[in-house]
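Here's a quick briefing to read with the model open beside you. Grab a viewer and follow along.

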Amino acid sequence: MPETASTTRAPDALLPSLAPLLHEWLPRQRWFAGKGRRVTGFTLDAATELLPLDGTGPGLLHLLVRVEQPGRPAGTPADCYQLLLGVRTQLPPRLAPALIGRIRQGPLAGRAVYEGLRDPRLAGLLYDRLRTPGRTGPLRFHATTALPPALAPRMLDAEQSNSSLVYGDSFILKIFRRVSPGANPDLELPLALAGAGCSRVPAPVAWFESGAATLGVLQPYLRDSRDGWRLALDALADGRDFTAEARALGRATAEVHLALAEALPTRRLGRAETEQLAAAMDRRLHAAAQAVPALLPFVPGLRAVFAAASGTTGDGVVQRIHGDLHLGQTLRGSDGGWAVIDFEGEPAKSLDERRSPQHPVRDVAGMLRSFDYAARTHRPWNADWAARSRAAYCTGYAEAAGEDPRTDPALLRAYETDKAVYEVVYEARHRPDWLPVPMSAIKRLSAPQ
(Lines give C-alpha, C1' and ligand atoms only; values in the text may rest on other atoms or scores of the structure.)
Protein backbone atom coordinates (compact mmCIF):
# COMPACT_ATOMS: atom_id res chain seq x y z
CA MET A 1 0.00 0.00 0.00
CA PRO A 2 1.50 3.38 -0.93
CA GLU A 3 2.81 5.56 1.86
CA THR A 4 0.35 8.45 1.62
CA ALA A 5 -1.93 10.60 3.68
CA SER A 6 -5.03 12.45 2.62
CA THR A 7 -5.31 15.17 5.21
CA THR A 8 -5.66 18.81 4.23
CA ARG A 9 -4.18 21.31 6.70
CA ALA A 10 -6.09 24.48 7.55
CA PRO A 11 -4.23 27.31 5.79
CA ASP A 12 -4.85 30.06 8.36
CA ALA A 13 -1.65 29.46 10.30
CA LEU A 14 0.33 27.56 7.67
CA LEU A 15 0.74 30.22 5.02
CA PRO A 16 1.90 33.05 7.33
CA SER A 17 4.57 30.74 8.71
CA LEU A 18 5.81 29.81 5.22
CA ALA A 19 5.53 33.28 3.66
CA PRO A 20 8.95 34.65 4.78
CA LEU A 21 10.68 31.65 3.20
CA LEU A 22 8.67 31.84 -0.01
CA HIS A 23 9.42 35.56 -0.38
CA GLU A 24 13.12 34.72 -0.61
CA TRP A 25 13.01 31.42 -2.46
CA LEU A 26 10.27 31.67 -5.09
CA PRO A 27 11.59 34.62 -7.16
CA ARG A 28 14.95 32.86 -7.51
CA GLN A 29 13.49 29.78 -9.20
CA ARG A 30 14.04 29.43 -12.94
CA TRP A 31 10.36 28.57 -13.43
CA PHE A 32 9.09 31.66 -11.59
CA ALA A 33 7.35 33.73 -14.27
CA GLY A 34 7.10 37.01 -12.36
CA LYS A 35 10.79 37.93 -12.32
CA GLY A 36 11.49 41.64 -12.04
CA ARG A 37 8.20 42.40 -10.28
CA ARG A 38 7.86 42.81 -6.53
CA VAL A 39 6.11 40.06 -4.57
CA THR A 40 3.58 41.62 -2.20
CA GLY A 41 1.87 38.55 -0.75
CA PHE A 42 0.52 35.05 -1.15
CA THR A 43 -2.87 33.38 -1.25
CA LEU A 44 -3.29 29.67 -0.63
CA ASP A 45 -5.55 27.84 -3.10
CA ALA A 46 -4.94 24.39 -1.58
CA ALA A 47 -2.67 22.65 0.93
CA THR A 48 -2.53 18.86 0.98
CA GLU A 49 -0.33 16.63 3.11
CA LEU A 50 0.83 13.83 0.83
CA LEU A 51 2.84 12.59 3.80
CA PRO A 52 1.91 13.71 7.34
CA LEU A 53 3.85 16.68 8.66
CA ASP A 54 3.44 15.64 12.29
CA GLY A 55 5.15 12.24 12.00
CA THR A 56 8.69 11.36 13.03
CA GLY A 57 9.87 11.09 9.42
CA PRO A 58 9.76 13.59 6.57
CA GLY A 59 6.46 15.19 5.61
CA LEU A 60 5.44 16.15 2.07
CA LEU A 61 3.24 19.20 1.63
CA HIS A 62 1.58 19.93 -1.72
CA LEU A 63 0.66 23.60 -2.16
CA LEU A 64 -1.10 25.63 -4.81
CA VAL A 65 -0.05 29.20 -4.00
CA ARG A 66 -1.06 32.43 -5.74
CA VAL A 67 1.67 35.04 -5.81
CA GLU A 68 0.48 38.62 -5.57
CA GLN A 69 2.48 41.09 -7.66
CA PRO A 70 1.53 44.64 -8.66
CA GLY A 71 1.26 45.66 -12.28
CA ARG A 72 -0.99 42.89 -13.55
CA PRO A 73 -3.70 43.87 -16.06
CA ALA A 74 -7.02 44.57 -14.37
CA GLY A 75 -9.17 41.50 -13.94
CA THR A 76 -6.38 38.94 -14.40
CA PRO A 77 -5.80 36.57 -11.48
CA ALA A 78 -2.45 36.25 -9.75
CA ASP A 79 -0.17 33.47 -11.02
CA CYS A 80 -0.70 30.16 -9.23
CA TYR A 81 2.34 27.93 -8.56
CA GLN A 82 2.57 24.29 -7.59
CA LEU A 83 5.01 23.57 -4.76
CA LEU A 84 6.00 20.23 -3.25
CA LEU A 85 7.73 21.00 0.03
CA GLY A 86 9.53 18.51 2.21
CA VAL A 87 9.40 19.12 5.96
CA ARG A 88 11.86 17.58 8.46
CA THR A 89 13.08 18.29 11.95
CA GLN A 90 16.65 17.55 10.90
CA LEU A 91 17.76 17.81 7.29
CA PRO A 92 20.34 15.15 6.27
CA PRO A 93 23.55 16.62 4.78
CA ARG A 94 22.75 15.07 1.38
CA LEU A 95 19.64 17.27 1.19
CA ALA A 96 21.34 20.48 2.35
CA PRO A 97 21.38 21.97 -1.21
CA ALA A 98 17.58 21.59 -1.30
CA LEU A 99 17.00 23.64 1.88
CA ILE A 100 14.58 26.54 1.52
CA GLY A 101 14.81 27.61 5.16
CA ARG A 102 13.67 26.99 8.72
CA ILE A 103 10.24 28.08 9.86
CA ARG A 104 10.38 30.56 12.74
CA GLN A 105 6.74 30.60 13.83
CA GLY A 106 3.40 28.84 13.48
CA PRO A 107 2.46 25.15 13.53
CA LEU A 108 5.74 24.02 11.92
CA ALA A 109 8.08 26.28 13.93
CA GLY A 110 11.62 24.93 14.08
CA ARG A 111 11.15 22.53 11.13
CA ALA A 112 13.30 22.64 8.00
CA VAL A 113 11.46 23.19 4.70
CA TYR A 114 13.08 22.05 1.46
CA GLU A 115 12.44 21.24 -2.20
CA GLY A 116 10.64 17.94 -1.80
CA LEU A 117 11.31 16.70 -5.34
CA ARG A 118 15.03 16.45 -4.47
CA ASP A 119 14.31 13.93 -1.70
CA PRO A 120 14.26 10.40 -3.25
CA ARG A 121 11.86 9.17 -0.58
CA LEU A 122 9.34 11.92 -1.30
CA ALA A 123 9.78 11.69 -5.08
CA GLY A 124 9.18 7.94 -4.79
CA LEU A 125 6.03 8.62 -2.79
CA LEU A 126 4.69 10.80 -5.62
CA TYR A 127 5.31 7.99 -8.13
CA ASP A 128 3.52 5.52 -5.85
CA ARG A 129 0.58 7.86 -5.74
CA LEU A 130 0.47 8.00 -9.57
CA ARG A 131 0.41 4.19 -9.67
CA THR A 132 -2.82 4.11 -7.67
CA PRO A 133 -5.59 6.15 -9.34
CA GLY A 134 -7.90 7.98 -6.95
CA ARG A 135 -8.08 11.10 -4.80
CA THR A 136 -5.92 12.58 -2.09
CA GLY A 137 -7.72 15.65 -0.80
CA PRO A 138 -8.28 17.91 -3.84
CA LEU A 139 -5.71 16.01 -5.93
CA ARG A 140 -6.92 13.44 -8.45
CA PHE A 141 -4.55 10.78 -9.82
CA HIS A 142 -5.08 8.89 -13.12
CA ALA A 143 -3.23 6.02 -14.83
CA THR A 144 -3.83 4.37 -18.20
CA THR A 145 -1.73 1.29 -17.53
CA ALA A 146 -0.27 -0.75 -14.66
CA LEU A 147 3.03 0.80 -13.62
CA PRO A 148 5.91 -1.16 -12.06
CA PRO A 149 6.65 -0.44 -8.38
CA ALA A 150 9.74 0.95 -6.69
CA LEU A 151 11.54 2.76 -9.52
CA ALA A 152 14.43 4.89 -8.24
CA PRO A 153 13.79 8.62 -8.86
CA ARG A 154 16.21 11.34 -9.89
CA MET A 155 15.47 14.98 -10.51
CA LEU A 156 16.73 16.49 -13.75
CA ASP A 157 18.87 19.57 -13.19
CA ALA A 158 17.98 21.20 -16.52
CA GLU A 159 15.00 23.02 -15.04
CA GLN A 160 13.25 25.52 -17.23
CA SER A 161 9.61 26.48 -16.89
CA ASN A 162 8.83 23.22 -15.08
CA SER A 163 10.53 20.45 -13.09
CA SER A 164 11.08 16.86 -14.21
CA LEU A 165 11.79 13.57 -12.43
CA VAL A 166 13.03 10.38 -14.11
CA TYR A 167 12.00 7.05 -12.55
CA GLY A 168 14.33 4.12 -13.19
CA ASP A 169 15.15 5.33 -16.69
CA SER A 170 11.66 4.10 -17.60
CA PHE A 171 9.36 7.09 -17.08
CA ILE A 172 9.65 10.86 -16.84
CA LEU A 173 7.28 12.97 -14.74
CA LYS A 174 6.87 16.62 -15.63
CA ILE A 175 5.64 18.79 -12.77
CA PHE A 176 3.94 21.94 -14.05
CA ARG A 177 4.98 24.84 -11.85
CA ARG A 178 2.70 27.67 -13.01
CA VAL A 179 -0.77 26.20 -13.30
CA SER A 180 -4.02 27.51 -14.77
CA PRO A 181 -7.54 26.09 -15.00
CA GLY A 182 -7.93 23.90 -18.07
CA ALA A 183 -6.26 20.87 -19.59
CA ASN A 184 -2.55 21.43 -20.13
CA PRO A 185 -1.64 20.90 -23.82
CA ASP A 186 1.24 18.69 -22.68
CA LEU A 187 -1.37 16.17 -21.56
CA GLU A 188 -4.17 16.98 -23.99
CA LEU A 189 -2.22 16.75 -27.25
CA PRO A 190 -0.15 13.60 -26.55
CA LEU A 191 -3.38 11.85 -25.48
CA ALA A 192 -5.03 12.93 -28.74
CA LEU A 193 -2.02 11.84 -30.79
CA ALA A 194 -1.92 8.46 -29.05
CA GLY A 195 -5.62 8.05 -29.86
CA ALA A 196 -4.88 8.86 -33.51
CA GLY A 197 -2.17 6.20 -33.61
CA CYS A 198 0.71 8.66 -34.01
CA SER A 199 3.93 7.06 -32.72
CA ARG A 200 5.98 10.28 -32.88
CA VAL A 201 4.98 11.30 -29.32
CA PRO A 202 5.36 9.29 -26.06
CA ALA A 203 1.83 8.58 -24.80
CA PRO A 204 0.98 9.69 -21.23
CA VAL A 205 0.68 6.74 -18.82
CA ALA A 206 -0.42 8.68 -15.71
CA TRP A 207 -1.20 12.22 -14.60
CA PHE A 208 -2.63 14.19 -11.71
CA GLU A 209 -4.77 17.29 -11.45
CA SER A 210 -6.66 19.57 -9.09
CA GLY A 211 -9.95 21.12 -10.09
CA ALA A 212 -9.62 21.82 -13.81
CA ALA A 213 -5.83 22.26 -13.71
CA THR A 214 -3.35 19.62 -14.89
CA LEU A 215 -0.50 19.37 -12.37
CA GLY A 216 1.81 16.66 -13.72
CA VAL A 217 2.16 14.09 -16.54
CA LEU A 218 4.09 10.78 -16.53
CA GLN A 219 5.33 9.50 -19.90
CA PRO A 220 7.80 6.85 -21.12
CA TYR A 221 11.40 8.03 -20.88
CA LEU A 222 13.24 7.61 -24.19
CA ARG A 223 16.56 6.78 -22.55
CA ASP A 224 18.42 5.78 -25.72
CA SER A 225 17.57 8.98 -27.53
CA ARG A 226 19.38 12.31 -27.82
CA ASP A 227 17.79 15.69 -28.15
CA GLY A 228 17.93 17.50 -31.46
CA TRP A 229 19.67 20.55 -30.00
CA ARG A 230 22.65 18.52 -28.79
CA LEU A 231 22.81 16.57 -32.06
CA ALA A 232 22.84 19.81 -34.04
CA LEU A 233 25.60 21.30 -31.88
CA ASP A 234 27.67 18.13 -32.25
CA ALA A 235 27.26 18.26 -36.03
CA LEU A 236 28.38 21.89 -36.06
CA ALA A 237 31.38 21.13 -33.85
CA ASP A 238 32.40 18.24 -36.11
CA GLY A 239 31.83 20.24 -39.29
CA ARG A 240 29.17 17.74 -40.38
CA ASP A 241 26.21 18.32 -42.60
CA PHE A 242 22.80 18.00 -40.86
CA THR A 243 20.48 17.95 -43.87
CA ALA A 244 19.50 14.27 -43.66
CA GLU A 245 18.50 14.68 -40.01
CA ALA A 246 16.72 17.97 -40.72
CA ARG A 247 14.79 16.47 -43.62
CA ALA A 248 13.65 13.52 -41.46
CA LEU A 249 12.68 15.96 -38.71
CA GLY A 250 10.58 17.92 -41.20
CA ARG A 251 8.72 14.75 -42.12
CA ALA A 252 8.16 13.92 -38.43
CA THR A 253 6.76 17.40 -37.80
CA ALA A 254 4.35 17.05 -40.69
CA GLU A 255 3.18 13.64 -39.43
CA VAL A 256 2.40 15.17 -36.03
CA HIS A 257 0.49 18.03 -37.67
CA LEU A 258 -1.51 15.63 -39.85
CA ALA A 259 -2.40 13.48 -36.82
CA LEU A 260 -3.47 16.52 -34.78
CA ALA A 261 -5.63 17.71 -37.66
CA GLU A 262 -7.25 14.29 -37.76
CA ALA A 263 -7.83 14.07 -34.00
CA LEU A 264 -8.92 17.62 -33.16
CA PRO A 265 -11.06 20.30 -34.83
CA THR A 266 -9.68 22.49 -37.62
CA ARG A 267 -11.05 25.51 -39.44
CA ARG A 268 -10.12 27.59 -42.45
CA LEU A 269 -8.14 30.79 -41.88
CA GLY A 270 -9.82 33.73 -43.58
CA ARG A 271 -8.24 36.96 -44.77
CA ALA A 272 -9.75 38.87 -41.83
CA GLU A 273 -8.13 36.47 -39.38
CA THR A 274 -4.80 36.85 -41.14
CA GLU A 275 -5.08 40.58 -40.60
CA GLN A 276 -5.91 40.04 -36.92
CA LEU A 277 -2.97 37.67 -36.64
CA ALA A 278 -0.58 40.28 -38.04
CA ALA A 279 -2.07 42.93 -35.76
CA ALA A 280 -1.46 40.70 -32.72
CA MET A 281 2.18 40.23 -33.78
CA ASP A 282 2.49 44.00 -34.06
CA ARG A 283 1.11 44.46 -30.53
CA ARG A 284 3.58 41.90 -29.16
CA LEU A 285 6.39 43.77 -30.92
CA HIS A 286 5.27 47.03 -29.32
CA ALA A 287 5.25 45.46 -25.84
CA ALA A 288 8.61 43.77 -26.44
CA ALA A 289 10.22 47.05 -27.54
CA GLN A 290 9.05 48.69 -24.32
CA ALA A 291 10.64 45.86 -22.32
CA VAL A 292 13.87 45.60 -24.35
CA PRO A 293 14.88 49.00 -25.79
CA ALA A 294 17.49 47.36 -28.03
CA LEU A 295 14.59 46.45 -30.31
CA LEU A 296 13.52 50.05 -30.91
CA PRO A 297 15.75 50.82 -33.96
CA PHE A 298 14.35 47.78 -35.77
CA VAL A 299 10.66 48.35 -35.06
CA PRO A 300 9.82 50.00 -38.45
CA GLY A 301 11.35 47.12 -40.43
CA LEU A 302 9.69 44.48 -38.27
CA ARG A 303 6.31 46.16 -38.55
CA ALA A 304 6.69 46.04 -42.33
CA VAL A 305 7.13 42.26 -42.11
CA PHE A 306 3.87 41.93 -40.20
CA ALA A 307 2.09 44.30 -42.57
CA ALA A 308 3.15 42.13 -45.53
CA ALA A 309 1.63 39.06 -43.85
CA SER A 310 -1.58 40.96 -43.25
CA GLY A 311 -1.96 41.25 -47.01
CA THR A 312 -1.69 37.53 -47.74
CA THR A 313 -4.69 35.67 -49.10
CA GLY A 314 -5.00 33.61 -45.93
CA ASP A 315 -6.19 30.40 -47.53
CA GLY A 316 -4.67 28.05 -44.94
CA VAL A 317 -6.18 25.94 -42.18
CA VAL A 318 -5.65 26.51 -38.47
CA GLN A 319 -5.47 23.57 -36.08
CA ARG A 320 -3.84 22.53 -32.80
CA ILE A 321 -0.05 22.56 -33.16
CA HIS A 322 2.96 22.10 -30.90
CA GLY A 323 3.20 25.82 -30.21
CA ASP A 324 6.84 26.00 -29.07
CA LEU A 325 8.69 23.74 -31.49
CA HIS A 326 12.48 23.85 -31.55
CA LEU A 327 15.36 21.38 -31.64
CA GLY A 328 15.31 20.98 -27.85
CA GLN A 329 11.76 19.65 -28.07
CA THR A 330 12.78 16.73 -30.29
CA LEU A 331 14.47 13.41 -29.57
CA ARG A 332 16.22 11.12 -32.06
CA GLY A 333 16.25 7.45 -31.11
CA SER A 334 18.95 4.87 -31.78
CA ASP A 335 16.92 3.76 -34.84
CA GLY A 336 17.22 7.26 -36.33
CA GLY A 337 13.54 8.08 -35.82
CA TRP A 338 12.48 11.45 -34.43
CA ALA A 339 10.03 11.98 -31.55
CA VAL A 340 8.43 15.29 -30.57
CA ILE A 341 7.97 16.17 -26.89
CA ASP A 342 6.90 19.04 -24.62
CA PHE A 343 3.59 20.21 -26.09
CA GLU A 344 3.02 22.80 -23.38
CA GLY A 345 3.52 25.78 -25.70
CA GLU A 346 5.30 29.04 -24.91
CA PRO A 347 5.22 29.37 -21.11
CA ALA A 348 4.75 33.16 -21.23
CA LYS A 349 1.41 32.84 -23.02
CA SER A 350 -1.88 32.19 -21.27
CA LEU A 351 -3.33 28.70 -21.32
CA ASP A 352 -6.19 29.87 -23.53
CA GLU A 353 -3.72 31.24 -26.08
CA ARG A 354 -1.68 28.05 -26.02
CA ARG A 355 -4.79 25.92 -26.60
CA SER A 356 -6.13 27.96 -29.50
CA PRO A 357 -5.87 26.61 -33.09
CA GLN A 358 -3.02 28.14 -35.06
CA HIS A 359 -1.42 27.91 -38.47
CA PRO A 360 1.03 24.97 -38.74
CA VAL A 361 3.57 27.34 -40.31
CA ARG A 362 4.09 28.72 -36.81
CA ASP A 363 5.74 25.44 -35.75
CA VAL A 364 7.82 25.39 -38.92
CA ALA A 365 9.01 28.94 -38.22
CA GLY A 366 9.97 27.92 -34.67
CA MET A 367 12.16 25.13 -35.99
CA LEU A 368 13.76 27.38 -38.60
CA ARG A 369 14.68 29.77 -35.80
CA SER A 370 16.17 26.86 -33.87
CA PHE A 371 18.53 25.93 -36.73
CA ASP A 372 19.62 29.56 -36.77
CA TYR A 373 20.08 29.52 -32.99
CA ALA A 374 22.26 26.41 -33.13
CA ALA A 375 24.43 27.78 -35.92
CA ARG A 376 24.83 31.12 -34.11
CA THR A 377 26.33 29.35 -31.10
CA HIS A 378 29.12 28.04 -33.34
CA ARG A 379 32.26 30.08 -33.84
CA PRO A 380 32.65 31.23 -36.50
CA TRP A 381 28.97 31.70 -37.39
CA ASN A 382 28.10 28.97 -39.90
CA ALA A 383 25.46 30.60 -42.11
CA ASP A 384 25.62 27.89 -44.79
CA TRP A 385 24.93 25.12 -42.26
CA ALA A 386 21.84 26.94 -41.06
CA ALA A 387 20.58 27.65 -44.59
CA ARG A 388 21.00 24.03 -45.72
CA SER A 389 19.34 22.65 -42.58
CA ARG A 390 16.41 25.06 -42.86
CA ALA A 391 15.86 24.16 -46.53
CA ALA A 392 16.09 20.41 -45.86
CA TYR A 393 13.61 20.68 -43.00
CA CYS A 394 11.05 22.44 -45.22
CA THR A 395 11.62 19.87 -47.97
CA GLY A 396 10.99 16.99 -45.56
CA TYR A 397 7.89 18.70 -44.24
CA ALA A 398 6.51 19.17 -47.77
CA GLU A 399 7.18 15.50 -48.62
CA ALA A 400 4.97 14.28 -45.75
CA ALA A 401 2.39 17.07 -45.61
CA GLY A 402 1.92 17.50 -49.33
CA GLU A 403 2.24 21.24 -48.88
CA ASP A 404 5.45 23.26 -48.76
CA PRO A 405 5.57 25.75 -45.87
CA ARG A 406 7.51 28.13 -48.14
CA THR A 407 4.46 28.55 -50.38
CA ASP A 408 3.44 31.68 -48.47
CA PRO A 409 6.81 33.35 -47.73
CA ALA A 410 5.23 36.46 -46.19
CA LEU A 411 3.37 34.42 -43.58
CA LEU A 412 6.40 32.23 -42.82
CA ARG A 413 8.61 35.31 -42.43
CA ALA A 414 6.06 36.95 -40.13
CA TYR A 415 5.91 33.91 -37.87
CA GLU A 416 9.68 33.69 -37.78
CA THR A 417 9.89 37.38 -36.89
CA ASP A 418 7.27 37.00 -34.18
CA LYS A 419 9.30 34.14 -32.73
CA ALA A 420 12.52 36.16 -32.81
CA VAL A 421 10.79 39.01 -30.94
CA TYR A 422 9.65 36.52 -28.28
CA GLU A 423 13.21 35.18 -28.02
CA VAL A 424 14.59 38.69 -27.45
CA VAL A 425 12.32 39.23 -24.46
CA TYR A 426 13.01 35.76 -23.08
CA GLU A 427 16.79 36.10 -23.34
CA ALA A 428 16.77 39.62 -21.90
CA ARG A 429 14.93 38.34 -18.83
CA HIS A 430 16.55 34.95 -18.32
CA ARG A 431 19.85 34.68 -20.25
CA PRO A 432 21.22 38.13 -21.13
CA ASP A 433 24.42 36.59 -22.48
CA TRP A 434 22.34 34.95 -25.22
CA LEU A 435 20.59 38.15 -26.30
CA PRO A 436 22.90 38.72 -29.32
CA VAL A 437 21.60 35.47 -30.87
CA PRO A 438 17.99 36.59 -31.46
CA MET A 439 19.13 40.17 -32.04
CA SER A 440 21.15 39.00 -35.04
CA ALA A 441 17.94 37.49 -36.45
CA ILE A 442 16.07 40.72 -35.72
CA LYS A 443 18.61 42.65 -37.82
CA ARG A 444 18.25 40.18 -40.70
CA LEU A 445 14.46 39.97 -40.64
CA SER A 446 13.94 43.73 -40.33
CA ALA A 447 16.05 44.47 -43.42
CA PRO A 448 14.13 45.33 -46.64
CA GLN A 449 13.70 42.36 -49.02
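This is a predicted model: local features need pLDDT of at least 70, side-chain atom pairs count only at pLDDT 80 or more; totals for chains, interfaces and linings use all residues.

Residues are numbered from 1 along each chain as its sequence is written, and side-chain values use heavy atoms, with hydrogens and water left out.

**Overall build**

- The chain's secondary structure comes to 12 helices and 18 strands, taken as DSSP runs numbered from the N terminus (helices: H or I, at least four residues; strands: E, at least two).
- Its radius of gyration is 23 Å, close to the 22 Å that the globule rule gives for 449 residues, so the chain is as compact as a globular protein of that length. The radius is taken over C-alpha atoms, and the rule is 2.2 Å times the number of residues to the power 0.38.
- Along the principal axes, the C-alpha trace spans about 70 × 45 × 45 Å.

**The seven-strand sheet**

- An open sheet of 7 strands runs in the order β6-β7-β12-β13-β10-β9-β8, with antiparallel pairing; two strands pair if DSSP finds at least two bridges between them.
- At the edges sit β6 and β8 (153-155), each pairing on one side only.
- From one strand to the next, the twist averages 20 degrees. Angles here run from 0 to 180 degrees between N-to-C directions, and axes are lines fitted to C-alpha atoms, for helices over the stretch in contact.
- β6 (residues 134-136) and β7 (residues 139-143) pair antiparallel over 3 bridges, and Arg135 stands opposite Arg140 in β7.
- The hairpin of β6 and β7 has 2 residues between the strands, and Gly137 in it takes a positive phi near 55 degrees.
- β7 also joins β12 (residues 206-210) through 5 bridges, running antiparallel; Leu139 has Ser210 in β12 as its bridge partner.
- Further along, 6 bridges join the antiparallel strands β9 (residues 162-167) and β10 (residues 171-176), with Ser163 partnered by Ile175 in β10.
- Helix α3 (residues 185-195) lies across β10, β12 and β13 (213-220), at about 50 degrees to β13.

**The three-strand sheet**

- There's also an open sheet of 3 strands, ordered β14-β17-β18 and antiparallel in its pairing.
- Its edge strands are β14 (226-227) and β18 (338-340), each of which pairs on one side only.
- β17 (residues 330-332) pairs with β18 in the antiparallel sense over 3 bridges, and Arg332 stands opposite Trp338 in β18.
- Helix α5 (residues 243-263) packs on this sheet, touching β17 and β18, and its direction makes about 45 degrees with that of β18. Contact means heavy atoms within 4.5 Å.

**Helix packing around α7**

- α6 (residues 271-291) and α7 pack at about 165 degrees, with axes 8 Å apart. That makes α6 roughly antiparallel to α7: angles under 35 degrees count as roughly parallel, over 145 as roughly antiparallel, 65 to 115 as roughly perpendicular and the rest as oblique.
- The crossing of α6 and α7 is right-handed; that's the clockwise case, while left-handed means the near helix is turned anticlockwise from the far one by less than a right angle.
- The α6–α7 contact includes Met281 and Leu285 of α6 and Leu302 and Phe306 of α7.
- By class, the α6–α7 contact divides into 8 nonpolar, 2 polar and 3 charged residues. Ala, Val, Leu, Ile, Met, Phe, Trp, Tyr, Cys and Pro count as nonpolar, Asp, Glu, Lys and Arg as charged, and the others, Gly among them, as polar.
- α7 (residues 299-310) and α11 (residues 409-430) have axes that come within 8 Å and cross at roughly 140 degrees, so the two are oblique to each other.
- The α7–α11 crossing is left-handed. Residues making this contact include Leu302, Val305 and Phe306 of α7 and Leu411, Ala414 and Val421 of α11.
- The contact of α7 with α11 has 9 nonpolar, 1 polar and 2 charged residues.

- Most residues other than glycine have a negative phi, and most peptide bonds are trans.
- Asp169, in the loop between β9 and β10, has a positive phi near 55 degrees despite being a residue other than glycine.
- The peptide bond from Arg379 to Pro380 is cis, with omega near 0 degrees; Pro380 is in the loop between α9 (361-376) and α10 (383-401).
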